[in-house]
Amino acid sequence: MKRIENHNHARFLTFSCFQNMPLLGNPLIRDLFAERLENARDRLGFRLHAWVAMPNHVHMIVRPGDPDQTVTTITQAIKQSVSRRV
């Protein structure tokens with residue numbers, strides 16, 4: 001399936017924790033995720049409409065801030081930052 005990127009549209013994203021582990025059920029990891037999400041938003045300039053962290057996955061509605069920015073760039077920035085710290 002081909003992904004169509006359009007910076008003028010909001011995107012619904014879902015991604016899971018490593019091996020579907022309930023890592024975000026841990027308050028320290030969940031707080032870290034929230035902090036890194038805010039940092040990524042400030043650094044990359046994407047618009048964050050809504051998000052929810054479940055124990056083993058995350059849902060977000062985002063709108064890329066730059067025409068060259070992709071949802072892959074956004075999710076990588078968040079996930080790598082959190083996984084390195086955890």
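How much space lies in the largest pocket? About 260 Å³. Keep in mind that this is a predicted model. Now take the tour.

**Stop 1: the pocket**

Select C17, L23, K79, V82 and S83. Of the 16 residues that line the largest pocket, these lie nearest its centre. Show the rest of the lining too. By type, it divides into 11 nonpolar residues, four polar ones and one charged one.

Next, colour the model by element. Which elements each supply at least two residues of the lining? They are β1, α1, β3 and α2. Of the contributors, α2 gives the most, with five residues.

**Stop 2: helix α2**

Select residues 71-85. This is helix α2, with 15 residues. Draw a distance from its first C-alpha to its last. The helix reaches 22 Å, close to the 21 Å expected at 1.5 Å a residue.

Now show the side chains of V71, I74, T75, A77, I78 and V82. These residues of α2 are buried. They sit on the same side of α2, because they cover an arc of only 155° around the axis. Look down the helix axis to see this.

**Stop 3: the loop between β1 and α1**

Select Q19. This residue is found in the loop between β1 and α1. Its phi is positive, about 50°, although Q19 is not a glycine. Is Q19 buried or exposed? Exposed, with a relative accessible area of 63%.

Move on to N20, found in the loop between β1 and α1. N20 has a positive phi as well, near 60°, and is a residue other than glycine. Its relative accessibility is 46%, so N20 counts as partly exposed. The cut-off for exposed is over 50%.

**Stop 4: the loop between β3 and α2**

Finish at D68, in the loop between β3 and α2. At 71% relative accessibility, D68 counts as exposed. How far apart are D68 and A40 in space? The distance is 16 Å, and the two residues are 28 residues apart in sequence.

Notes. Residues are numbered from 1 along each chain as its sequence is written. This is a predicted model: local features need pLDDT of at least 70, side-chain atom pairs count only at pLDDT 80 or more; totals for chains, interfaces and linings use all residues. Side-chain values use heavy atoms; hydrogens and water are left out. Helices (H or I, at least four residues) and strands (E, at least two) are DSSP runs, numbered from the N terminus. The expected span of a helix is 1.5 Å times one less than its number of residues. Buried means under 20% relative accessible area, exposed over 50%, partly exposed in between (1.4 Å probe, protein chains only). The arc is that of the directions from the helix axis to the C-beta atoms. On a 1 Å grid over the protein atoms alone, a cavity is a set of points where a 1.4 Å probe fits but cannot get out, and a pocket is an open set with protein on both sides within 12 Å along at least five of seven lines; lining residues have an atom within 4 Å of a point. Grid points are joined across faces, edges and corners, and a volume is the space filled by probe spheres set on the points. Ala, Val, Leu, Ile, Met, Phe, Trp, Tyr, Cys and Pro count as nonpolar, Asp, Glu, Lys and Arg as charged, and the others, Gly among them, as polar.
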